[in-house]
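Reader: I have not looked at this structure before, and I would like to go through it slowly. Could we begin with the whole chain and then turn to single residues?

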Amino acid sequence: MTELDWFAERCGDNHTVRFRLKGEIYRGRSSFQTIDILDTAEYGRMLFLDGLANSSESDEFIYHESLVHPAMLAQDHPQKICIIGGAEGATAREVLRHPSVARVVMVDIDEMLVGLCREHLSRWSQGAFDDPRLELHFTDGRKLLEDTTQVFDVILVDLSDPVPDSPSV
């Protein structure tokens with residue numbers, strides 16, 4: 001076993017978590033962040049943004065279900081939904097499971113990341129990107145909300161950790 005067989009996530013000055021790799025799917029950089037899509041021995045396919053674990057195949061559903069359903073169920077018949085972030089498409093997948101939803105506006109700043117997720121993490125979205133109720137916009141989510149006159153029944157924010165110089169900041 002060599003260092004090349006592992007991906008190290010630096011969690012602080014004195015703490016690193018290492019993931020044993022089965023393979024590399026994509027490693028590169030968009031205009032906004034570094035992107036690593038890796039196959040790991042323990043968690044399956046994983047998405048890392050700026051070196052930090054963002055989601056994993058084995059347990060992404062826990063995060064996305066917990067993010068979406070409490071807010072959706074707190075509204076009576078939510079029809080118009082806005083998602084800020086959510087590049088993997090899993091938040092959209094969960095929103096679109098609600099039969100009352102007529103329109104989902106998803107806004108992500110990183111078009112390249114969304115494309116990579118659609119290509120390599122399609123199990124996360126399960127076809128959500130092809131649903132005609134989904135409108136996908138590539139711009140700053142805060143700016144879209146500040147500039148729009150649209151009213152949403154639910155607004156969900158699914159962003160990466162707000163580390164310095166990241167798009168989440």
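Author: We can start with one residue in this predicted model: His77 has a relative accessible area of 49% and is therefore partly exposed.

Reader: Where does His77 sit, and what is its phi?

Author: His77 is placed in the loop between α1 and β6. Most residues other than glycine have a negative phi. His77 is not a glycine, and yet its phi is positive, at about 60°.

Reader: Where does Asp50 lie, and is Asp50 buried or partly exposed?

Author: Asp50 is found in the loop between β4 and β5, the latter covering 52-56, and its phi, near 50°, is a positive value in a residue other than glycine. Buried would require under 20% relative accessible area. Because Asp50 has 27% relative accessibility, Asp50 counts as partly exposed.

Reader: Stepping back to the whole, how many helices and strands does the protein chain have, and in what order do they run?

Author: The protein chain is built from five helices and nine strands. Read from the N terminus on, the elements follow the order β-β-β-β-β-α-β-α-β-α-α-β-α-β.

Reader: What is the radius of gyration of the protein chain, and what would a compact globule have?

Author: Along its principal axes, the C-alpha trace of the protein chain spans about 55 × 30 × 30 Å. A compact globule with 169 residues would have a radius of gyration near 15 Å, and the value for the protein chain agrees with this, being 16 Å.

Reader: What percentage of the residues in the protein chain is buried?

Author: As for contacts, among those in the protein chain with a separation of 6 or more, 56% join residues 24 or more positions apart. The accessible surface of the protein chain comes to about 9,100 Å², and carbon and sulfur atoms hold 48% of it. Of the 169 residues in the protein chain, the buried share is 43%.

Reader: Which residues touch the most other members of the largest nonpolar core, and which element supplies its largest share?

Author: In soluble globular proteins, nonpolar side chains tend to be buried together. Here the largest nonpolar core has 28 residues, of which Ile35, Leu47, Ile81, Val95 and Val104 touch the most other members. Elements that each supply at least two residues of this core include β3 (34-40), β4 (44-49), α1 (60-73) and α3 (111-120). The largest share of this core is four residues, and the element they come from is α3.

Reader: Which residues does Leu47 touch beyond four places away in sequence?

Author: Leaving aside residues up to four places away in sequence, the contacts of Leu47 include Ile35, Ile37, Leu52 and Ala53.

Reader: Is Glu94 buried or exposed, and which residues does Glu94 touch?

Author: Glu94 lies in helix α2, and at 1% relative accessibility Glu94 counts as buried. Not counting residues up to four places away in sequence, Glu94 touches His64, Glu65, Val68 and His69.

Note on methods:
Residues numbered from 1 in each chain as written. Predicted model: local features only at pLDDT ≥ 70, side-chain atom pairs only at ≥ 80, totals over all residues. Heavy atoms only, no water. Rg over C-alpha atoms; globule rule 2.2 N^0.38 Å. Buried < 20%, exposed > 50% of the residue type's maximum accessible area, 1.4 Å probe, protein only. Contact = heavy atoms within 4.5 Å. Areas by Shrake-Rupley, 256 points an atom, 1.4 Å probe, with all protein chains shown as cover. Core = buried A, V, L, I, M, F, W, Y, C linked by side-chain atoms within 4.5 Å.
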